[in-house]
Amino acid sequence: MKNILDRNQNKANEVRDLLISKKVLMVNIISSPGAGKTTLLEHTCEELGNKFRIGVIEGDITTDRDAQRLKKYNIPIVVINTEGGCHLDSHSISKVLDSFDLDKLDILFVENVGNLICPSQFDLGETFKLAIVSTTEGDDKPAKYPMLFREAAAVLLNKIDLIPYTNFNYESFRSDLGKINSMIPLFQISCTMGDGMEEWYEWISKKMKD
Amino acid sequence: MHEISIAADLSSIVLETAGIEKLSKVTKVNISLGQMVQIVPDIFEFAFREAVKDTIAHGAAVDIEIVEVRMKCRECGVDFTVNENNFTCNKCGSTDLEIIHGKELFIKSIEGE
């Protein structure tokens with residue numbers, strides 16, 4: 001028996017060991033395109049940038065547009081363009097870690113390529129995965145993509161202010177998520193309107209102190 | 001589409017193993033694929049065939065055994081097969097479960113001559 005993903009797993013283990021030795025928390029953010037990963041990072045940098053030393057790895061198929069949006073926070077950012085690839089892997093992360101001074105970081109957010117399937121398969125060496133779902137995508141995402149919701153440490157349900165304009169059924173979403181991972185913390189937020197963001201800041205701050 | 005990069009890793013392992021075992025031809029690769037692993041078997045197989053073109057594994061058969069999702073309940077200890085992503089113990093109703101099968105992505109064996 002040989003694990004086909006050994007090559008990725010071995011490098012992920014190296015990355016994890018390095019980050020533990022440097023006391024850096026790495027959060028692998030996974031969502032569909034447009035769920036609000038970059039907007040979450042904008043608000044998180046704004047709110048927590050003076051309390052914690054934040055770094056970001058931006059994974060995108062092409063362009064540095066997301067990185068441009070975060071430039072104003074004056075934090076170290078590295079862009080990985082996958083040139084068509086649908087996910088980041090541990091080797092691509094390992095290569096760019098040299099660009100950061102890990103002794104001067106508390107948290108490294110990795111914004112994975114927008115996609116609910118492929119990124120869930122690849123361990124990057126992260127401390128934990130964070131799933132973001134937005135209400136405009138529909139309430140069936142946990143049922144359709146169980147792997148991500150089983151493995152993530154928390155779920156952020158974004159764009160809750162838009163629920164009245166969609167057919168999103170919160171009870172159905174909560175019930176599906178509960179069947180897959182009953183223990184998982186769920187935050188109902190609106191990055192743009194600010195709803196629920198305090199709870200998210202509190203949770204992630206606590207993770208950094210742990 | 002991640003099937004392509006995983007198939008590339010598979011082809012590297014197959015060819016490396018064939019080299020160690022001094023095979024002149026790889027005829028079959030037997031794989032275990034857990035149901036929770038989000039890989040489409042047909043695309044995976046196609047990508048592997050493409051990856052090993054012009055190598056000693058060209059034309060090798062690929063046998064993919066799908067492994068169903070099994071969980072063990074941390075409350076009552078029973079283990080059971082999960083249906084339709086309902087990760088709830090079918091004996092005591094607990095949701096505190098450990099995955100024991102369903103995440104496999106293994107090469108079971110490589111056949112050749």
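Which residues are exposed on the other side of helix 2 of chain B? Hi everyone, let me start there, and please keep in mind that this is a predicted model. The answer is B:D42 and B:E50.

Now for what they are opposite to. Helix 2 of chain B covers residues 41-51, and its buried residues are B:F44, B:E45, B:A47 and B:F48. Those four span an arc of only 165° around the axis, which places them on the same side of the helix. As a reminder, an α-helix has 3.6 residues a turn, so residues three or four places apart point the same way. And what does the buried side of helix 2 of chain B pack against? Its partners are helix 1 (2-20) and strand 2 (61-67), both in chain B.

Let me zoom out to chain B as a whole. Chain B has two helices and six strands, and in sequence order they come as α-β-α-β-β-β-β-β. The radius of gyration of chain B is 17 Å, while the globule rule gives 13 Å for 113 residues, so this chain is more spread out than a compact globule. You can see that in the C-alpha trace too, with spans of about 55 × 30 × 15 Å along the principal axes. Of the 113 residues in chain B, 29% are buried. As for contacts in chain B with a separation of 6 or more, 71% of them are between residues 24 or more positions apart.

On to the partner chain. The contact between the two chains involves 19 residues of chain A and 18 residues of chain B. Which elements of chain A give two or more residues to the side that touches chain B? They are strand 1 (2-3), helix 6 (146-151) and helix 7 (170-180). Helix 7 of chain A gives the most, with three residues. If you like to think in residue classes, the side of chain A that touches chain B has ten nonpolar, six polar and three charged residues.

Strand 1 of chain A is joined by two bridges to strand 6 of chain B, residues 105-112, and the two run antiparallel. Within that pairing, A:K2 has B:I107 as its bridge partner.

So that is the tour, from helix 2 of chain B with B:D42 and B:E50 exposed on one side, to the strand pairing between chain A and chain B.

Technical notes. Residues numbered from 1 in each chain as written. Chains lettered and ligands numbered in written order. Predicted model: local features only at pLDDT ≥ 70, side-chain atom pairs only at ≥ 80, totals over all residues. Rg over C-alpha atoms; globule rule 2.2 N^0.38 Å. Buried ≥ 20, exposed ≤ 12 C-beta atoms within 10 Å, placed from the backbone. Contact = placed C-beta atoms within 7 Å. Arc of directions from axis to C-beta. Nonpolar A, V, L, I, M, F, W, Y, C, P; charged D, E, K, R; others polar. Pairing = 2+ DSSP bridges.
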